[in-house]
Amino acid sequence: MKKKQTRREFIKVVSVSGGGLILATYIPFNSLLAKAGDDPKIFSPSVYLKIDSNGIVTVIVHRSEMGQGVKTALPMLIAEELEVDWEKIVIEQADADSKYGSQSTGGSTSIRRNWEPLRIAGATAREMLIVAAANKWSVDKSECYAENGFVINKKSNQKISYGELVEDASKLPVPQNVKLKDPKDFKLIGKRIHRVDTPDKIYGKAKFGIDVVIPGMIYAALSRCPSFGGRVKSFNPERAKKISGVIDVVQISNGVAVIADSTWNAFNGRDALEIEWDYGPNANVSTEDIRNEMMKHIKEEGAEFESRGNIHQSISSEKFIEAIYEVPFMAHAPMEPMNCVAKYENGKIELWAPTQNPQNVKSEVAKALGLSENDVTVHVTLMGGGFGRRLVSDFAVEAAEISKTCGKAVKLTWTRKEDMKFGYYRPPSMHVLKGSVSSDGKPLKFYHHVIAPSIRQMRFDKNLTAEKSEIKEGTVDLEYQIPNLKITGTLIPTHVPISWWRAVYNSQNPFAVESFIDELAYAAGKDPYEFRKEMLPDDSRLKNVLIIAAEKSGWTNRMPKGKGRGLAISYGYESYCAQVAEVSVVNNKLKVEKFTAVIDCGVVVNPDIVEAQMEGAIAFALSAAMKGEITIKNGGVEQNNFDDFEILTYDEMPIVDVHIVQNNFKVGGVGEVGIAACAPALCNAIFNATGKRIRRLPVKI
């Protein structure tokens, strides 16, 4: 891989070399992803592909790199069709711009939404270069083919580099309906290509948002109300102004900011502030109050999401069981806390933000500062983790307000404690499950009532009903063939800011579903694997991953005393996953020994990245299942840091054995599907080892 060029360096290369091919491909498909407010007449270019006269191919990646590998996987799609030397690819991060369509990096969409548009972009460029070469040689284009950055004449074996063709190719009309490669001819897709961002991260050269420094920049820290919904009543800046290095103290919409000549001095000044808070209407709310609100609805049936058969009919000899499952609020807790550099000058603002949603930063900052979006420039930096937290733009708005108020370029940095206390959290939920099996072990009834706050209702639509809400994710469209089934839901209010957490409701609803399926298997007197397999259609991809997971994990082998094995399956983001957990429980101490994971995500672009995503998903989901819990007291978050919001340590990480199903089905998402099955597989294994059902997370034995 050639050393990356900065945008400025690239422009210099183009200028010196005297020209280049810049290809914008207009993809109607991407209009589906355009956010509200985009010009519907514009099918925004989903891809900018630039080839300079030296043959250097620059791919502008319009999604954010937060450790998931998009800076490698997305360019692979273009390079595959373009027939270019992978070593000559240069990666450039896109700024926020509606011409790219949606730049929101979330929902496991980066590959599955760009699979076809990016390949079309590469194939279109290839076609234009072949035509340019054919014209130069005065032959038909059918006599030419592209390979490794050259166009080759089949008869004469003449070859000409892409760099030599860019000027002629750039004058050609953009062809429509180009032919994409047959998967059997793929040279890059499906290969273990090393990630382009890894070397700089290993050698400490990678620049994350928190590393950004611009000329003239000063530093800021912000004090916010400890209770969500509270505000500043009054404050005294004098003590803060006496701290060495403190330059000024200003109030913005979300609190009081201290500006200093270093981040450390800004923190010290912030800690010295004297602020009287109006704690607002939620000052006395606690976790128990929120839990009691959910408990009030457990006797209700809820709004109907899905129904078949009749769960209320009486069936002779049926064995009936019921249970309540619960999951708590969760923090995203990425390693790099929130930060942003903002420079307001002459009615325009420029931001450097580690964000998963740069277009949202652009619109939110414009709205907060009363600017046109055209006056807001957002540069996307690397992120030290995201998990959904950086889909929200609050930290960028804060930096922008501070910069405008003080009239200087400012870097705002949150502390770890602030990241824990003032974030946006995965919503809690409560699940009422009821079901029955026949005397010969057949499933008869399945009822699931999910009670939870809605992210969409809180953030976008106060009038959203449960039926139209997203709290049903991971509860409906189950492939299990159960004759009588009903899925319902109830929305509850919460004052705690909630948002998308990795896998969103698929991070919690399948815990209840797959744990209760295990309970039904036990009630039926059947092996949990056989019970599931019998309920799935023969052509089910879920059934296929389930069978493979059982085989690879040695499911039928007996476990010694004190050890247990549990499984769970999940579907989400157009991918299928099965996981088998192996645990030991000695003296009430839990150790997760191994996870066997099988994923079917259709066509695999880069197996290395898929495996890494699965391993990361299991580490993330195990942390949440075993340790993570955000609790509320006096209207705010109680936890402060990783000492009271623990994550899995290296020595606690189990062996993870990942198996990828090879096929040519449509590309599915990978980043989140590995989350859903983890907690239920773990808890089913604990039951297998101890006989104790875990119905409330985090796990307590």
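How many salt bridges does the structure hold? The structure holds 49 of them, a salt bridge being a side-chain nitrogen of Lys or Arg within 4 Å of a carboxyl oxygen of Asp or Glu. Keep in mind that this is a predicted model, where local features need pLDDT of at least 70, side-chain atom pairs count only at pLDDT 80 or more, and totals for chains, interfaces and linings use all residues. Residues are numbered from 1 along each chain as its sequence is written, and side-chain values use heavy atoms, with hydrogens and water left out.

**Domains**
- The chain is assigned domain 1 (29–201), domain 2 (209–280 + 338–413) and domain 3 (287–329 + 425–690), with bounds that come from an automatic or database domain assignment.
- Taken over C-alpha atoms, the centres of domain 1 and domain 2 are 37 Å apart.
- UniProt, in an unreviewed entry, puts the feature "domain: Aldehyde oxidase/xanthine dehydrogenase a/b hammerhead" at residues 203–281; such annotations may be inferred rather than shown by experiment.
- That stretch, residues 203–281, is 18% helix and 38% strand, and its end C-alpha atoms lie 49 Å apart. Helices (H or I, at least four residues) and strands (E, at least two) are DSSP runs, numbered from the N terminus.

**Where domain 1 meets domain 2**
- Here 17 residues of domain 1 are in contact with 16 residues of domain 2, contact meaning heavy atoms within 4.5 Å.
- About 1,300 Å² is buried between domain 1 and domain 2, with carbon and sulfur atoms giving 53% of that; buried area is the accessible area (1.4 Å probe) that two parts lose on being put together, summed over both.

- R192 and D608 form a salt bridge, their closest N and O atoms being 2.6 Å apart.
- This pair links distant parts of the chain, 416 residues apart: R192 is in the loop between helix 4 (162–169) and helix 5 (198–202), and D608 is in helix 16 (residues 607–626).

- The peptide bond from L697 to P698 is cis, with omega near 0 degrees, and P698 sits in the segment after helix 18 (678–690).
- N148 isn't a glycine, yet has a positive phi of about 55 degrees; look for N148 in the loop between strand 5 (144–147) and strand 6 (150–153).
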